[in-house]
Amino acid sequence: LYGFVQGVLPRLSGLLVLIVVATIAGRALRFHSAKDIFPYSLAWAVIIVLFDMVYSVPFTGWQLYTDWNVWLGYALVFAVPLLSPYTRRDRLEVHE
């Protein structure tokens with residue numbers, strides 16, 4: 001990250017990127033209901049937890065899961081795609 005790691009701005013930037021990517025993923029499903037997106041969203045969150053278990057725990061230990069920032073990321077990966085149908089253009093246009 002070339003020194004862009006300390007402070008609030010890098011954290012907010014990371015959250016913004018996560019929200020944008022999760023929104024794009026949810027919209028890519030082309031469903032019109034959160035209940036249709038739910039299984040995908042849940043699966044993505046579980047997969048990330050498992051990837052952290054496989055790739056990060058050997059280096060950081062299980063205390064990785066005591067950090068609230070990690071759980072916030074998991075929650076965003078789960079919740080943001082559920083809201084993606086509300087960002088679709090056809091929902092935003094006013095129909096007469």
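Q: Where does helix 3 bend, and by how much?
A: A bend is read as the angle between the axes fitted on either side of a residue, and in this predicted model helix 3 bends by about 25 degrees at leucine 76. Helix 3 comprises residues 68-83, and its 16 residues reach 22 Å from the first C-alpha to the last, which is close to the 22 Å expected at 1.5 Å a residue.

Q: What caps the N-terminal end of helix 3?
A: The cap is aspartate 67, of which a side-chain oxygen lies 3.1 Å from the backbone nitrogen of asparagine 69.

Q: Which residues of helix 3 are buried, and what covers them?
A: The buried residues of helix 3 are Val70, Gly73, Tyr74, Leu76, Val77, Val80, Pro81 and Leu82, and what covers them includes helix 1 and helix 2, the latter spanning residues 34-60.

Q: Why does threonine 23 count as buried?
A: A residue is called buried when its relative accessible area is under 20%, and threonine 23 counts as buried because its relative accessibility is 17%. Threonine 23 is found in helix 1, residues 8-28, and, leaving aside residues up to four places away in sequence, it touches Val80, Ser84 and Thr87.

Notes: Residues numbered from 1 in each chain as written. Predicted model: local features only at pLDDT ≥ 70, side-chain atom pairs only at ≥ 80, totals over all residues. Heavy atoms only, no water. Helix = DSSP H or I, 4+ residues; strand = E, 2+ residues; numbered from the N terminus. Buried < 20%, exposed > 50% of the residue type's maximum accessible area, 1.4 Å probe, protein only. Contact = heavy atoms within 4.5 Å. Expected span 1.5 Å × (residues − 1). Bend = angle between axes of the 7 residues up to and from the residue. Polar contact = N/O pair within 3.5 Å; in protein donor to acceptor, adjacent residues only side chain to side chain.
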